[in-house]
Amino acid sequence: MLHLHGQTRAAVGMSAMVHYGWDMASVLALGAARGLDARLLAEWLPAIEAVAITNMNAED
């Protein structure tokens, strides 16, 4: 999922940047460009996003 790292929604606070989700329009467009089924993306991405965002925040 490294190609989605730049497609996050983030907020900058007093001491850190916090990612809170992916830009889903960009994610779906990227999936379409790669030939992925939009229905599968819509089904699976919320769960994948939750784990990915949690891990991205833990890294920062």
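**Surface and fold of a predicted model**

Q: Which residues make the nonpolar surface patch of about 320 Å²?
A: In this predicted model, a patch may include only residues with over 30% relative accessible area and no salt bridge, and nonpolar side chains are joined within 5 Å. The patch of about 320 Å² is made by Leu40, Trp44 and Ile48.

Q: Which residue forms a salt bridge with Asp37?
A: A salt bridge requires a side-chain nitrogen of Lys or Arg within 4 Å of a carboxyl oxygen of Asp or Glu. The count by this rule comes to one salt bridge. In the bridge formed by Asp37, the closest N and O atoms are 2.9 Å apart, and the partner is Arg39.

Q: Is Arg39 buried or exposed?
A: A residue is buried under 20% relative accessible area and exposed over 50%, with partly exposed in between. Asp37, at 30%, therefore counts as partly exposed. Arg39 has a relative accessibility of 66%, so Arg39 counts as exposed.

Q: What pattern does the chain follow along the sequence?
A: The chain contains two helices and two strands. Read along the sequence, their pattern is β-β-α-α.

Q: What percentage of the residues of the chain count as buried?
A: Burial is assigned under 20% relative accessible area. The chain exposes about 4400 Å², of which carbon and sulfur atoms supply 62%. Of its 60 residues, the share that counts as buried is 23%.

Key: Residues are numbered from 1 along each chain as its sequence is written. This is a predicted model: local features need pLDDT of at least 70, side-chain atom pairs count only at pLDDT 80 or more; totals for chains, interfaces and linings use all residues. Side-chain values use heavy atoms; hydrogens and water are left out. Helices (H or I, at least four residues) and strands (E, at least two) are DSSP runs, numbered from the N terminus. Buried means under 20% relative accessible area, exposed over 50%, partly exposed in between (1.4 Å probe, protein chains only). Accessible areas come from the Shrake-Rupley method with a 1.4 Å probe; for residues, only the protein chains shown count as cover. Patches are made of residues with over 30% relative accessible area and no salt bridge: like charges are joined within 9 Å, nonpolar side chains (Val, Leu, Ile, Met, Phe, Trp, Tyr) within 5 Å.
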